[in-house]
Amino acid sequence: MDMLKQHAIFMNLAVELAHQAADKGEVPVGAVIVRDSQVIGTGHNLSIVNNDATAHAEIVAMRNASKKIRNYRLIGCDLYVTIEPCTMCVGAMVHARINRIIFGAKEPRAGALQSQFQLLDDGRFNHSIDVIGGILADECSEIMSKFFREKRRKN
């Protein structure tokens, strides 16, 4: 299968998860963990529902994948996420040994890969992660914009 097509398939799943987060009143971010072209973990933001600042979509997906494979090291796994990850999530991905991060839209306020910080460019980590950005970026960005537009309208 063409790599771009594969990225779109998994990002579409992350988009569905972002919509689930929005339905719960959470910031609409979805994440999918893939190993050998198989989904092994999914997640969406649950910080509000769980009263847990660490329950970002990426962390939830990594927790679920780790439980499934019974290993906190997610070696050989790719992480798809609708929005550029924050510093906490990138740090966790380094510790989990994620192989590649594929994200949708940039996060201008807290993005830790390209927007605010370029954490993985530092060179001091003991693990490097490949990064691909911009997969279904317009769709991923629109989910966030719509969520916050509606939130402002209600207030």
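Predicted model: local features only at pLDDT ≥ 70, side-chain atom pairs only at ≥ 80, totals over all residues.
Residues are numbered from 1 along each chain as its sequence is written. Local features need pLDDT of at least 70, side-chain atom pairs count only at pLDDT 80 or more, totals for chains, interfaces and linings use all residues, and side-chain values use heavy atoms, with hydrogens and water left out.

**View 1. The largest pocket holds about 530 Å³ of space.** A pocket is an open set of points on a 1 Å grid over the protein atoms alone, where a 1.4 Å probe fits, with protein on both sides within 12 Å along at least five of seven lines; lining residues have an atom within 4 Å of a point. The volume is the space filled by probe spheres set on the points, which are joined across faces, edges and corners. V27, V29, I83, E107 and M144 are the closest to the centre among the 25 lining residues. Six residues of the lining come from helix 5, which gives the most; helices are DSSP runs (H or I, at least four residues), numbered from the N terminus. The lining comprises 12 nonpolar, five polar and eight charged residues. Here Ala, Val, Leu, Ile, Met, Phe, Trp, Tyr, Cys and Pro count as nonpolar, Asp, Glu, Lys and Arg as charged, and the others, Gly among them, as polar.

**View 2. The second largest pocket holds about 270 Å³ of space.** Its lining residues include H19, D23, F147 and K154. Helix 5 supplies the largest share of this lining, seven residues. By class, the lining has six charged, three nonpolar and one polar residues.

**View 3. Helix 1 packs with helix 5 at an angle of about 5°.** Their axes, lines fitted to C-alpha atoms over the stretch in contact, lie 10 Å apart. Angles run from 0 to 180 degrees between N-to-C directions. The two helices are therefore roughly parallel to each other, a term for angles under 35 degrees. M11, N12, V15, A18, H19 and A22 in helix 1 are in contact (heavy atoms within 4.5 Å) with E139, C140, I143 and F147 in helix 5. Seven nonpolar, two polar and one charged residues make up this contact.

**View 4. Helix 3 (residues 57-69) packs with helix 4 (residues 87-96) at an angle of about 25°.** The axes of helix 3 and helix 4 are 9 Å apart, and these helices are therefore roughly parallel to each other. From helix 3, E58, I59 and M62 meet M88, C89, A92, M93 and A96 of helix 4. This contact has seven nonpolar, no polar and one charged residues.

Methods:
Parallel < 35°, antiparallel > 145°, perpendicular 65-115°, else oblique.
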